[in-house]
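Trainee: I am new to this one. Can we go through it by question and answer?
Mentor: Gladly. Here it is.

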Amino acid sequence: RNILISVIIPCYNSGSTLKQSINSILLQSWKKIEIIVVNDGSDDQFTLNVLKDITNAKVFTQQNKGLPSARNFGVSKAKGDYIFFLDADDTIENNSLNELISTIIINKTEGFSFPKMKLRGDRFEKIENQYNPFEQLFLNKIPYSIMISKNLFNKVGGYSENLIYGYEDWELNIRLGSKNIFGFLAQKATLNY
């Protein structure tokens, strides 16, 4: 499989967790990967030092414009056929990229794939929601962390950069659904959120 996957990691003052996110990508069974970190105007010295030390990813810097802009900027720099979004404080399990790309290939239709989620914090919870375009109109039931072809992402216009305070992933999912581009749960892929 000669498919390059570009992993987009926005970073705003996330120096304490960024290396864990990058390491979870480096440990993937899928090896044809480029990692793009978008420094979204970080202003704490610790994060800036971490960003300077990164040698296993491409690092780009922009003024602080918010998550949707940082992700869109990362996609504009991506060389991959497929894009995967990961935040700087999350990780994925070792076979996740392989499972996500395989899920898209198996379904043989225009669509995107998404992992199960393990929520970690005060309590532990596992979420394995199937994609339902009607339910998606009322409640965002899938993670922000999707794999999608770069062509499809650009075809729908990427993330809305007006939604800097959240819901940008939900709005994108609804827009994708309105174009009959639906999501598929990758059963063996897991996002540690």
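Trainee: Which residues is Tyr82 in contact with, leaving aside its neighbours within four places in sequence?
Mentor: Keep in mind that this is a predicted model. Tyr82 sits in strand 4, residues 82–85. Leaving aside neighbours within four places in sequence, its contacts are Ile3, Leu4, Ile5, Ser6, Ile101, Ile104, Met147, Ile148, Ser149 and Lys150.

Trainee: Is Tyr82 buried or exposed?
Mentor: Buried means under 20% relative accessible area. Tyr82 has 18%, so the residue counts as buried.

Trainee: How far apart in space are Tyr82 and Lys31, C-alpha to C-alpha?
Mentor: In sequence, 51 residues separate Tyr82 and Lys31. In space, C-alpha to C-alpha, the distance is 14 Å.

Trainee: Which backbone oxygen does the side chain of Ser113 reach?
Mentor: Ser113 belongs to strand 6, residues 111–119. Because its relative accessibility is 0%, Ser113 counts as buried. Not counting residues up to four places away in sequence, Ser113 touches Leu100, Thr103, Ile104, Ile146, Met147 and Phe184. At 2.9 Å, its side chain reaches the backbone oxygen of Leu100.

Trainee: Which residues in helix 7 are buried?
Mentor: Helix 7 covers residues 168–178. Its buried residues are Glu168, Asp169, Leu172, Asn173, Arg175, Leu176 and Gly177.

Trainee: Which residue just after helix 7 takes a positive phi?
Mentor: Look just past the end of helix 7. The phi there is about 60°, and the residue is Asn180.

Technical notes. Residues numbered from 1 in each chain as written. Predicted model: local features only at pLDDT ≥ 70, side-chain atom pairs only at ≥ 80, totals over all residues. Heavy atoms only, no water. Helix = DSSP H or I, 4+ residues; strand = E, 2+ residues; numbered from the N terminus. Buried < 20%, exposed > 50% of the residue type's maximum accessible area, 1.4 Å probe, protein only. Polar contact = N/O pair within 3.5 Å; in protein donor to acceptor, adjacent residues only side chain to side chain. Contact = heavy atoms within 4.5 Å.
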